[in-house]
Amino acid sequence: HVIERMLEAERDMAVGLVDRAEAIYRSLSESDPRNAFAVVGLARCALERGDDLGAYALAVRALQIDPEDAAALRLEARLSEVLAARGEPVPRPDAAGVDAAVPPSSPGPAPAAGAGSTAITAPGAGPAPAPPASPPTARPGDTDGPPATPAPRPGAGRGLLRRMLGRR
(Lines give C-alpha, C1' and ligand atoms only; values in the text may rest on other atoms or scores of the structure.)
Protein backbone atom coordinates (compact mmCIF):
# COMPACT_ATOMS: atom_id res chain seq x y z
CA HIS A 1 0.00 0.00 0.00
CA VAL A 2 2.83 2.41 0.86
CA ILE A 3 4.63 1.73 -2.40
CA GLU A 4 1.47 2.40 -4.40
CA ARG A 5 1.04 5.72 -2.59
CA MET A 6 4.64 6.72 -3.31
CA LEU A 7 4.21 5.84 -6.98
CA GLU A 8 0.99 7.84 -7.09
CA ALA A 9 2.79 10.85 -5.60
CA GLU A 10 5.61 10.49 -8.16
CA ARG A 11 3.07 10.40 -11.01
CA ASP A 12 1.36 13.49 -9.60
CA MET A 13 4.69 15.34 -9.45
CA ALA A 14 5.50 14.30 -13.01
CA VAL A 15 2.33 15.94 -14.33
CA GLY A 16 2.51 19.04 -12.12
CA LEU A 17 -0.09 18.08 -9.50
CA VAL A 18 2.09 19.36 -6.67
CA ASP A 19 -0.77 19.79 -4.15
CA ARG A 20 -1.86 16.17 -4.56
CA ALA A 21 1.69 14.86 -4.40
CA GLU A 22 2.42 16.94 -1.31
CA ALA A 23 -0.69 15.61 0.46
CA ILE A 24 0.43 12.04 -0.21
CA TYR A 25 4.04 12.66 0.87
CA ARG A 26 2.83 14.44 4.02
CA SER A 27 0.50 11.55 4.86
CA LEU A 28 3.29 9.03 4.34
CA SER A 29 5.71 11.10 6.42
CA GLU A 30 3.21 11.47 9.27
CA SER A 31 2.37 7.77 9.30
CA ASP A 32 6.09 6.83 9.20
CA PRO A 33 8.39 9.64 10.41
CA ARG A 34 11.43 7.53 9.38
CA ASN A 35 10.39 7.50 5.70
CA ALA A 36 13.21 9.51 4.08
CA PHE A 37 11.66 9.05 0.63
CA ALA A 38 8.49 10.88 1.74
CA VAL A 39 10.54 13.72 3.25
CA VAL A 40 12.54 14.08 0.01
CA GLY A 41 9.19 14.19 -1.81
CA LEU A 42 8.08 17.04 0.47
CA ALA A 43 11.37 18.81 -0.28
CA ARG A 44 10.72 18.46 -4.02
CA CYS A 45 7.23 19.93 -3.54
CA ALA A 46 8.72 22.89 -1.65
CA LEU A 47 11.25 23.34 -4.45
CA GLU A 48 8.49 23.33 -7.07
CA ARG A 49 6.80 26.13 -5.12
CA GLY A 50 10.00 28.18 -5.04
CA ASP A 51 10.66 27.64 -1.31
CA ASP A 52 14.36 26.83 -1.56
CA LEU A 53 15.09 27.24 2.16
CA GLY A 54 12.16 25.02 3.10
CA ALA A 55 13.30 22.45 0.53
CA TYR A 56 16.82 22.58 1.95
CA ALA A 57 15.55 22.04 5.51
CA LEU A 58 13.52 19.03 4.36
CA ALA A 59 16.51 17.58 2.46
CA VAL A 60 18.57 17.86 5.65
CA ARG A 61 15.75 16.21 7.61
CA ALA A 62 15.76 13.32 5.11
CA LEU A 63 19.53 12.98 5.61
CA GLN A 64 19.02 12.83 9.37
CA ILE A 65 16.69 9.88 8.76
CA ASP A 66 18.92 8.18 6.18
CA PRO A 67 22.42 9.68 5.76
CA GLU A 68 23.00 7.57 2.63
CA ASP A 69 19.82 8.53 0.73
CA ALA A 70 21.20 9.43 -2.70
CA ALA A 71 18.33 11.76 -3.65
CA ALA A 72 18.60 13.63 -0.34
CA LEU A 73 22.40 13.92 -0.72
CA ARG A 74 22.07 15.38 -4.24
CA LEU A 75 19.26 17.73 -3.26
CA GLU A 76 21.07 19.02 -0.15
CA ALA A 77 24.33 19.53 -2.04
CA ARG A 78 22.72 21.32 -4.98
CA LEU A 79 20.47 23.53 -2.86
CA SER A 80 23.37 24.56 -0.64
CA GLU A 81 25.25 25.63 -3.80
CA VAL A 82 22.24 27.54 -5.15
CA LEU A 83 21.61 29.30 -1.84
CA ALA A 84 25.30 30.19 -1.43
CA ALA A 85 25.42 31.60 -4.97
CA ARG A 86 22.44 33.80 -4.09
CA GLY A 87 24.22 35.08 -0.99
CA GLU A 88 22.19 32.91 1.41
CA PRO A 89 24.75 30.33 2.55
CA VAL A 90 23.41 27.59 4.81
CA PRO A 91 25.27 25.54 7.39
CA ARG A 92 26.00 22.13 5.91
CA PRO A 93 25.35 18.85 7.75
CA ASP A 94 28.25 17.19 9.53
CA ALA A 95 29.38 14.29 7.35
CA ALA A 96 30.09 12.11 10.38
CA GLY A 97 26.57 11.89 11.74
CA VAL A 98 24.42 14.31 9.77
CA ASP A 99 23.90 16.51 12.82
CA ALA A 100 22.52 19.13 10.52
CA ALA A 101 22.25 22.78 11.25
CA VAL A 102 19.07 23.99 9.57
CA PRO A 103 18.53 27.59 8.51
CA PRO A 104 16.68 29.37 11.34
CA SER A 105 13.95 30.69 9.03
CA SER A 106 13.18 27.22 7.67
CA PRO A 107 10.77 24.61 8.93
CA GLY A 108 12.34 21.50 10.34
CA PRO A 109 14.53 20.42 13.21
CA ALA A 110 16.53 22.91 15.23
CA PRO A 111 20.30 22.97 14.82
CA ALA A 112 22.06 20.32 16.85
CA ALA A 113 24.36 21.58 19.57
CA GLY A 114 27.92 21.50 18.33
CA ALA A 115 26.89 20.67 14.79
CA GLY A 116 29.82 20.64 12.45
CA SER A 117 30.05 22.30 9.10
CA THR A 118 31.78 19.58 7.11
CA ALA A 119 30.19 19.32 3.70
CA ILE A 120 28.44 16.22 2.49
CA THR A 121 29.28 15.84 -1.14
CA ALA A 122 26.99 13.96 -3.46
CA PRO A 123 28.64 11.31 -5.59
CA GLY A 124 30.19 12.95 -8.64
CA ALA A 125 29.70 16.45 -7.25
CA GLY A 126 32.75 18.61 -6.82
CA PRO A 127 33.19 22.03 -5.34
CA ALA A 128 31.38 24.88 -7.03
CA PRO A 129 33.51 26.67 -9.62
CA ALA A 130 34.93 29.99 -8.53
CA PRO A 131 33.46 33.08 -10.20
CA PRO A 132 35.72 34.86 -12.70
CA ALA A 133 38.07 37.41 -11.13
CA SER A 134 36.96 40.21 -13.43
CA PRO A 135 34.39 40.60 -16.19
CA PRO A 136 35.61 39.91 -19.71
CA THR A 137 36.67 42.90 -21.75
CA ALA A 138 34.37 44.14 -24.49
CA ARG A 139 35.19 43.34 -28.09
CA PRO A 140 34.26 45.33 -31.17
CA GLY A 141 30.65 44.69 -32.07
CA ASP A 142 29.61 43.84 -28.49
CA THR A 143 26.60 45.64 -27.10
CA ASP A 144 26.53 47.45 -23.79
CA GLY A 145 25.35 45.47 -20.79
CA PRO A 146 24.95 41.78 -20.16
CA PRO A 147 23.35 39.56 -22.76
CA ALA A 148 19.58 39.37 -22.57
CA THR A 149 18.25 36.26 -20.91
CA PRO A 150 14.86 34.91 -21.90
CA ALA A 151 12.12 34.88 -19.28
CA PRO A 152 11.63 31.45 -17.73
CA ARG A 153 8.75 29.56 -19.21
CA PRO A 154 6.09 28.01 -16.98
CA GLY A 155 7.10 24.59 -15.70
CA ALA A 156 10.75 25.12 -16.65
CA GLY A 157 11.85 24.21 -13.12
CA ARG A 158 10.76 20.60 -13.52
CA GLY A 159 13.65 19.84 -15.86
CA LEU A 160 16.08 21.38 -13.38
CA LEU A 161 14.56 19.33 -10.57
CA ARG A 162 14.92 16.13 -12.58
CA ARG A 163 18.58 16.96 -13.31
CA MET A 164 19.19 17.75 -9.63
CA LEU A 165 17.73 14.42 -8.62
CA GLY A 166 19.72 12.57 -11.27
CA ARG A 167 16.75 11.62 -13.41
CA ARG A 168 16.67 12.16 -17.13
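**Exercise 1. Determine where D52 lies, whether D52 is buried or exposed, and which residues D52 touches.**

Step 1. D52 belongs to helix α4, which covers residues 52–65. Helices here are DSSP runs of H or I with at least four residues, strands are runs of E with at least two, and both are numbered from the N terminus. The model is a predicted one: local features need pLDDT of at least 70, side-chain atom pairs count only at pLDDT 80 or more, and totals for chains, interfaces and linings use all residues. Residues are numbered from 1 along each chain as its sequence is written, and side-chain values use heavy atoms, with hydrogens and water left out.

Step 2. The relative accessibility of D52 is 12%, so D52 counts as buried. Buried means under 20% relative accessible area, exposed means over 50%, and partly exposed lies in between (1.4 Å probe, protein chains only).

Step 3. Setting aside residues up to four places away in sequence, D52 touches L47, L79, V82, L83 and R86. Contact means heavy atoms within 4.5 Å.

Step 4. The side chains of D52 and R86 are joined by a polar contact of 2.6 Å. A polar contact is a pair of N or O atoms within 3.5 Å; within protein, one must be able to donate a hydrogen and the other to accept it, and residues adjacent in sequence count only if both atoms are side-chain atoms.

**Exercise 2. Describe how α3 and α4 pack, and classify the residues in the contact.**

Step 1. Helix α3 (residues 36–48) and α4 pack at an angle of about 170 degrees, and their axes are 8 Å apart. Axes are lines fitted to C-alpha atoms, for helices over the stretch in contact, and angles run from 0 to 180 degrees between N-to-C directions.

Step 2. The angle therefore makes α3 roughly antiparallel to α4. Angles over 145 degrees count as roughly antiparallel, under 35 as roughly parallel, 65 to 115 as roughly perpendicular, and the rest as oblique.

Step 3. From α3, the contact involves A36, V39, V40, L42, A43, A46 and L47; from α4, it involves D52, G54, A55, L58, A59, R61, A62 and I65.

Step 4. By class, this contact of α3 with α4 holds twelve nonpolar, one polar and two charged residues. Ala, Val, Leu, Ile, Met, Phe, Trp, Tyr, Cys and Pro count as nonpolar, Asp, Glu, Lys and Arg as charged, and the others, Gly among them, as polar.

**Exercise 3. Follow α5 from its start to the residue just after the helix.**

Step 1. At the start of α5, a side-chain oxygen of D69 comes to within 3.1 Å of the backbone nitrogen of A71.

Step 2. The 16 residues of α5 (residues 70–85) should span 22 Å at 1.5 Å a residue; the end C-alpha atoms are 23 Å apart, which agrees.

Step 3. Buried in α5 are A71, A72, L73, L75, E76, A77, L79, S80 and L83. Among them, L79 has a relative accessibility of 1%.

Step 4. Just after α5, G87 takes a positive phi of about 85 degrees.

**Exercise 4. Identify the surroundings of C45 and A21.**

Step 1. C45 is found in helix α3, and its relative accessible area of 0% makes C45 buried. Beyond four places in sequence, C45 touches M13, V18, A21, E22 and Y25.

Step 2. A21 lies in helix α2 (residues 18–31) and, at 0% relative accessibility, also counts as buried. Leaving aside neighbours within four places in sequence, A21 is in contact with A9, D12, M13 and C45.

Definitions and conventions:
Expected span 1.5 Å × (residues − 1).
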